[in-house]
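I opened this entry to look up the surroundings of the ligand and then the backbone. The structure comes first, my notes after it.

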Amino acid sequence: MCGIVGYVGYRDCSEVLVSALTKLEYRGYDSAGIAVFDNNEIKVAKSKGRLADLVEKMKTDGKPEGVAGIGHTRWATHGEPSDVNSHPHSGAKVTIVHNGIIENYKELKKFLTDKGAKFLSDTDTEVVAKLLGYYYKLNPGKPLDTIVETIKELEGSFALGVVFQDFPDVVYAVRRESPLIVGVGKNESFIASDVPAILQYTKDYYLLEHDEIAKLDCNGVEIFDEHGKKLEKELLTADWDMDAAEKGGYPHFMIKEIHEQPSSIKTTITPRISNGLPDLKECSIDLEKLRKFKQIFIVACGTAMHAGMVGKYVIEKLARVSVTVDIASEFRYREPLISKGDLVIIISQSGETADSLAAMRLAKKLGASTLAIVNAKGSSIAREADMLIYTHAGPEIAVASTKAYIVQLAVMYLFAFDLALAKGMIDEAECKRLTSILQDMPSLIETILETELENTQYVSNQLITAESLLYIGRGLDYALSMEGSLKLKEISYIHSESYAAGELKHGTISLITKDMPVIAVATQSALLDKTVSNIKEVKARGAKVILIARDDFNVDEDAYDYIVRVPKTEDLFMPIPAAVPLQLIAYYTSVLRGNDVDKPRNLAKSVTVE
Ligand code: AGP
């Protein structure tokens with residue numbers, strides 16, 4: 001949560017910072033601010049609200065003029081969104097922006113207050129600014145030593161951009177847990193929480209590791225370790241191009257990303273298939289290793305956890321290995337019964353989700369092997385896992401995850417085929433057959449995107465006045481319903497729950513009235529009759545039923561009010577195409593309700609706090 005940026009170069013710094021922050025707004029958007037060296041003075045502009053509000057404010061109040069500075073877009077943790085709680089924050093001769101949470105800020109605040117410090121905001125960040133100021137007084141003229149001393153005192157997570165009044169046009173940065181990159185251009189350099197922020201200027205960057213400190217000035221970039229010792233680091237090149245971080249003619253990132261799903265699947269699976277079989281060796285996964293795993297845990301949050309739910313069905317069905325799916329925030333505190341010989345799979349788009357990262361560290365501590373399925377290159381989860389499969393969805397900007405989910409599913413399938421082969425549950429011929437069905441998924445999705453846009457818009461029109469609705473399904477359809485329901489509620493703000501269709505009559509059916517639409521997912525031939533019976537039960541109680549069904553299924557017309565057809569593939573694979581109409585329904589409902597689709601209220605893309 002929160003995005004930070006920094007710039008040192010020759011361009012108009014305020015403009016660079018604002019433009020870089022627009023690419024990070026998905027990380028938080030309840031206030032924004034910048035600090036720029038203007039005639040050797042640090043000038044701050046900040047405001048509650050969106051980045052656009054800051055830009056407007058600067059039109060009236062004037063924008064800081066200079067070539068070096070730092071910026072921030074906020075997702076509030078300590079202190080409500082307000083002008084005064086917005087970043088940057090200042091201490092004596094120092095101004096900072098911060099992404100993360102300082103866990104011991106209360107103790108530090110007391111320490112500083114006892115020394116006479118006065119605080120203006122409710123934030124943990126201001127405590128860091130004042131602490132830097134305190135250490136700077138003890139180390140005058142020595143910014144690097146000041147940072148080294150300060151971070152020794154901090155507990156929690158942080159990525160900081162720091163400017164010192166005495167060192168005009170120099171930007172410092174340091175990180176622990178929270179992500180931070182340092183971009184390197186020609187005669188200019190950048191800091192940013194994520195790669196898309198700098199893509200329009202450069203593709204070359206350093207990845208700052210735990211407690212590393214960067215210094216950016218007119219001579220370029222220097223990086224130091226936590227003791228202030230200079231380091232040589234590898235310069236990386238981003239393989240995302242700028243278009244990936246632009247809307248490219250679509251009204252929202254979410255709909256653009258929905259349309260990118262066929263190519264995201266292709267880019268993710270094609271390099272992992274050789275001779276028609278899954279080949280995960282470059283991810284350090286071979287059949288020998290797979291054979292040894294006793295049980296599997298899939299641990300993740302939100303949409304990524306829902307991908308794990310589908311993965312559980314697929315892995316258990318094909319490989320006959322027991323799979324437990326856990327919400328990361330529960331897993332880490334429930335003393336899970338895992339040990340050496342178990343595999344813990346962590347799924348994460350951002351690779352920075354605090355609970356998922358902590359769950360992975362716990363799994364490692366308990367002796368399990370860890371496999372990360374991650375989209376963001378070089379992220380913490382990616383770097384710390386024993387085995388790693390990158391999903392190649394490219395940058396996902398919309399807060400509501402779509403293409404990242406689809407590629408997580410694709411990887412779950414590929415992994416399940418490989419595991420089933422390793423365990424001797426399927427032979428090579430069957431494995432090749434399954435792999436080739438997976439390769440057909442992009443074209444199925446393309447068909448849906450050609451034929452179902454209007455239909456799903458029509459369905460969304462029926463939902464816009466609903467206050468609450470239910471998603472129901474059985475088996476894989478239930479696993480998919482969870483994601484459909486989350487997608488709808490996070491961007492439309494309509495309350496919705498997913499329910500195992502067979503469980504309804506044990507209580508939840510009492511909620512059904514004519515005002516409670518039900519979205520029923522029926523794509524599994526073996527469960528069709530059972531699901532249709534449950535649909536009829538809710539229909540008989542007045543519910544408006546929207547049926548998402550495989551296109552060859554014959555369902556009585558009086559069992560539903562609207563139907564969305566999903567092109568047929570084998571039952572096991574149906575969650576992949578069927579996810580698309582659910583995403584579209586959520587998208588259009590949000591658009592029709594006039595919501596901010598890409599930046600839903602209260603949410604942030606990357607949840608780096610507990
Ligand atoms: C998805 O639409 C969500 N906004 C959210 O549930 C997300 O999937 C979750 O926070 C996990 O994020 P991660 O994949 O980056 O770990």
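**Ligand contacts**

I began with Lys 487, where a polar side-chain atom lies 2.9 Å from an oxygen atom of the ligand; I take a polar contact as a pair of N or O atoms within 3.5 Å. This is a predicted model, in which local features need pLDDT of at least 70 and side-chain atom pairs count only at pLDDT 80 or more, while totals for chains, interfaces and linings use all residues. Residues are numbered from 1 along each chain as its sequence is written, and side-chain values use heavy atoms, with hydrogens and water left out.

I then found a side-chain N or O atom of Glu 490 at 2.5 Å from a ligand oxygen atom, and a backbone N or O atom of Thr 303 at 3.1 Å from an oxygen atom of the ligand. Of the ligand's 410 Å² of accessible area on its own, the protein covers 90% (Shrake-Rupley method, 1.4 Å probe).

**Shell**

**Backbone**

I noted a cis peptide bond between His 87 and Pro 88, with omega about 0 degrees. Asn 40, a residue other than glycine, has a positive phi near 70 degrees. Most peptide bonds are trans, and most residues other than glycine have a negative phi.

Definitions and conventions
A polar contact is a pair of N or O atoms within 3.5 Å; within protein, one must be able to donate a hydrogen and the other to accept it, and residues adjacent in sequence count only if both atoms are side-chain atoms.
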